[in-house]
Amino acid sequence: MPYDVLIVGAGPAGLAAAIRLKQLAIENEKDISICVLEKGAEVGSHILSGNVFEPRALDELFPDWRSMDDRPPVDTSVKEDKFLALTETGSVEIPNFLLPSQLHNDGNYIISLNQLVRWMGTKAEELEIEVFAGFAASEVLYDEEGAVKGIATRDVGIGKDGDPKATFERGMELRARQTLFAEGARGSCSEEVMEKFNLRDGVQPQTYGIGVKEVWEIPEENCNPGFVQHTLGWPLQHGPLDQTFGGSFLYHMAPNTILIGFVIGLDYENPYINPYREFQRWKHHPEISKHLEGGECVSYGARVLNEGGFHAIPKLTFPGGALIGCSAGFLNSVKIKGSHTAIKSGMVAAEALYPKLVEKEEFICCESYEISEDEKPQEVVEYQTAMEESWVYDELKEVRNCHAAFHWGFLPGLAYSGLAAHILKGKEPWTLENPTPDSAKTKPADQYSEIVYPKPDGVFSFDLLTNLARSGTAHNDDQPAHLRIKDSLKSVVDSNESLKTYAGPEQRFCPAGVYEYHEDSASGDKKLVINAQNCVHCKCCSIKMPHEYIKWTVPEGAGGPNYAMM
């Protein structure tokens, strides 16, 4: 199936790119064919974010969104902004004037990002953009000269034994003049093209955080719509020089919803840290539990997020396509926001691509219903230039060294972030280096004591499998596991290096209980078991495994979580 533009991922970046392309085509009385491919069962079903939303990019994409009859679900404006440093039993409020200006939320909104994305999906379809949900892009297609020419969707109806079943259907080839990868953080196709075209040469390794989130419904009289609270300190940081990066969020959204979550940088060193259980015990702090009194947890999910910022942004373009949104890493970890930068990057890509697509009318796909053999895949370098000149780069440059400063410790990192935000503004003549990936930051277990976490009480805290059911996660059980041990690293698993050296951190960092060690009844040795059916597609295992021994591939389309309010 040929298209002028193929977009992999129906998140905020991918849909913004598609919509902006169509807007430009309509303004210029042209037509171009656009396809958006989404592996989730529905648009939005794999989308998870905090989310305090900055509307700057939405204002640019839909200047009249506030007056639309079918306006987007962006209703709860921020009214109160609080930042706390927690101790185990108490807290200290940090005055807003001491906080980085990027943390101030005046004019922002508390939203569900997957509801906003669903709305954007309807806007795309109204513009006659083809949006295919439930189809997973499993293979990048290249032409004879190595340029990207599209993707292939995954074959379906293959059993665990690798043989076709009665339901077997061959995947489709979707070919395009330009392919935009908008898969979000650590997308499998995006990682492939970055490696093939050496897009990460000369930049720092991307570093990530794992975010775990719950949605609670509380009595309406207890809800304070517009209330925003962030915390640092307990339970992650117990002293001023603790190096574990992370914190929490708690947002009240009208009419009776609380969005709560916990983010931990995956550059943590202690292999006994369990992000999910840190999140569960955090909820028992009096500054948190008081908000949840009388409420009910209705949804759970998890997702990794890019935290490398300015220094980890790869080259954005290559022959036949480009990276947009969190596939490229535009999240601002100091601001704790990335939706606005994702939308803006999709728009910038669209504005760079459009003139190239219509330059020669004989090459336009929707005119000829085929891709001309006379057109060579272009590398639209204008997108890279336009992004570097955009407010996205300005914003990220201001806080370019902040995350790395936390490697000195909690208090020095906080102090440096304040200095950078108020005075330096990214103009400091030095760069704080981050030379190693997150997987290499984990230290041997014999340097630490095992962490004993409190048992969940079933009121504020829950065991993992109970919460996992709230994510709506489902996969066809009779299919090959999409979480695969890399052939070149099978020795890591065979030697039990992860268990022997690091006490098997995959048992703890996975927020879905995918990885377990079971004792072999014959040998007495412990063997790794991969419960791929539990996977919430967070991508954490592809990042934090020792030596990155897991290759994350896509399962059959429509598999995974089914988020409704995330």
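Which residues form one aromatic cluster? The cluster consists of Tyr142, Phe181, Phe197 and Phe318. The model is predicted, so local features need pLDDT of at least 70 and side-chain atom pairs count only at pLDDT 80 or more, while totals for chains, interfaces and linings use all residues. Residues are numbered from 1 along each chain as its sequence is written, and side-chain values use heavy atoms, with hydrogens and water left out.

Aromatic rings of Phe, Tyr and Trp (its six-membered ring) pair if their centres lie within 6.5 Å; planes under 30 degrees apart count as stacked, over 60 as edge-to-face and the rest as tilted. The whole structure contains 16 aromatic pairs. One of them joins Phe245 and Phe406 edge-to-face, at 4.9 Å centre to centre and 70° between the planes. These two residues are 161 residues apart in the chain. Phe245 is buried at 14% relative accessible area, and Phe406 is buried at 9%; buried means under 20%, exposed over 50%, and partly exposed in between (1.4 Å probe, protein chains only).

Charged side chains form another set of contacts. Side chains of opposite charge can pair when their charged atoms come close. A salt bridge is a side-chain nitrogen of Lys or Arg within 4 Å of a carboxyl oxygen of Asp or Glu, and the structure holds 25 of them. In one, Glu361 meets Lys30 at 2.4 Å, N to O. Because Glu361 and Lys30 lie in separate loops, this pair ties together parts that are 331 residues apart in sequence. Glu361 is partly exposed at 46%, and Lys30 is partly exposed at 29%. A network of salt bridges links Asp4, Arg177 and Glu375.

Notes: Helix = DSSP H or I, 4+ residues; strand = E, 2+ residues; numbered from the N terminus.
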